Amino acid sequence: MRPSSLVVVANRLPLDDNIAPDGACEWRRSPGGLASALHAILQQTPATWVGWSGAIGPSPKLPSIGSLRLRPVTLTEQEQSGYYEGFANSTLWPLYHDAVQQPVFQREWWETYRAVNQRFAEAAAEVAGRHAAVWVQDYHLQLVPQMLRELRPDLLIGFFMHVPFPPPELFMQLPRRIELLVGMLGADLVGFQREQAGHNLAQLAQKLLGAEATDDAITVGERTVRTGAFPVSIDVAEMRALAARPDVVGQARQLRHDLGESKRILLSVDRLDYTKGIEHRLTAYRELLRDGHVKVRDTVLVQVAVPSRERVDSYRDLRDRIEGEVGRINGEYGRVGEPAIHYLNQRFDRSLLAALYQAADVMVVTPLRDGMNLVAKEFVAAREDETGALVLSEFAGAAAELSAAFLVNPHDLDDLKQTLLRAMEADPADLSARMRAMRAHLAEHDIMAWARAYLTALDHTGRLARRLPRT
Ligand code: G6P
């Protein structure tokens, strides 16, 4: 393999498996996201993406994506359970999300997490050319930057944390906290979604390592690690084009018809995850129905809950609780042919999502904690007609940018109920002013702008930046 001057390292490869009509499994590029952001850059730079296909055992045959080469990392069943479901998603994930679910610490997961991180680091070291830039993504691979530095001191190493990075009070609970901290500080630039995270990291580096640290630079031995906020975004042009497709517009019209022409449609789209606040939202909705503020004959909630991490106990338990609650609400308040809630526990095609975004009157995005939340941004990008309301949790990274949304504290049930009602009853002129402001922000801050800002900051030598296409 020809060495690459840019290497992306992420837990997942930018591919989705898809079952073809003949039942065969096909792989195709994940829509939106990092892969499309890097697409323009990748065409001018020999680049490789190191990641896991999501399958167990030897890697399936994978297509390459244009000029982007894929370097699969394989996982055994035991590694999937200790590294991915265990340390990454049962220890770090809940702890980094304000411990809204009790983190589980199991000592045997650590060794697997460490060994899998080492394997990712070795794979990246193998494909990276001399002085290449390697961009490591997210909490699954927090040890990779330092491991990579030891293997290849010539590399420029970036790390981006897509999820929140917690305050010291929470991080200090972690067994192996020093290794995790040293791991990420192996990077030249640590990027976060929000500025507060850089402050949290500086405090931890002072406390645990005795390092000299400000909110944007940390001195580790001879090296200075820079930190900064780079809020991630979506491929705005892709979502706008999808939403404008005649079949999608037609599908949106059909959905409105099927859900009830005269009804107000509330929509939520989440991975089925306890950080997303689905239970709080259902409670608020039940109380609105109970108090008579919302009537099934004129309002309907569509809750899409995309299956996620289904082998992890806390996710299974959550699914049972949500399904119990949806059943109760529909049982108590639904009418024949008119459920209070349409609940869909399925993976959704992106064109159907774009149609749903257009059919909705109120998009309800109320996570208890979220690094960014790209659904909120997708909804805004899909609303060419500048109508529709967005109810958005203050605890989503997106709230820092989409301040024209109806911001809400989802932990406060009364606030949640009142904000939902305010959004449902808002004046159309107010809604379009809000939507215009949010769309103007997004137009300037799409995923390409994010990748460019991060890579330009990483690359103080200007080597990569010269290859970035102009917007
Ligand atoms: C979050 C994480 C991503 C992850 C995604 C889906 O957004 O930040 O790194 O890929 O969830 O979760 P999954 O476990 O399916 O990869």
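**View 1. Strands β12 and β15 run side by side in parallel.** In this predicted model, β12 (residues 264–271) and β15 (residues 362–365) are joined by two bridges. Strands here are DSSP runs of E, at least two residues long, and helices are runs of H or I, at least four residues long, both numbered from the N terminus. Look for L267: its bridge partner in β15 is M363.

**View 2. The open sheet has six strands.** Reading across, the order is β14-β13-β12-β15-β16-β17, with parallel pairing; two strands count as paired if DSSP finds at least two bridges between them. β14 (341–344) and β17 (406–408) sit at the edges with a single partner strand each, so one side of each has no neighbour in the sheet. From one strand to the next, the twist averages 20°.

**View 3. Helix α13 packs on the sheet.** Residues 374–382 make up this helix, which touches β12, β15 and β16 (389–393); contact means C-beta atoms, placed from the backbone, within 7 Å. The direction of α13 makes about 165° with that of β16. Angles run from 0 to 180 degrees between N-to-C directions, using axes fitted to C-alpha atoms, for helices over the stretch in contact.

View 4. Around the ligand are N11, R12, D138, H162, V163, S308 and R309, each with its backbone-placed C-beta atom within 6 Å of it.

**Notes for all views.** Residue numbers start from 1 along each chain as its sequence is written. Local features need pLDDT of at least 70 and side-chain atom pairs count only at 80 or more, while totals for chains, interfaces and linings use all residues.

Conventions. Contact = placed C-beta atoms within 7 Å.
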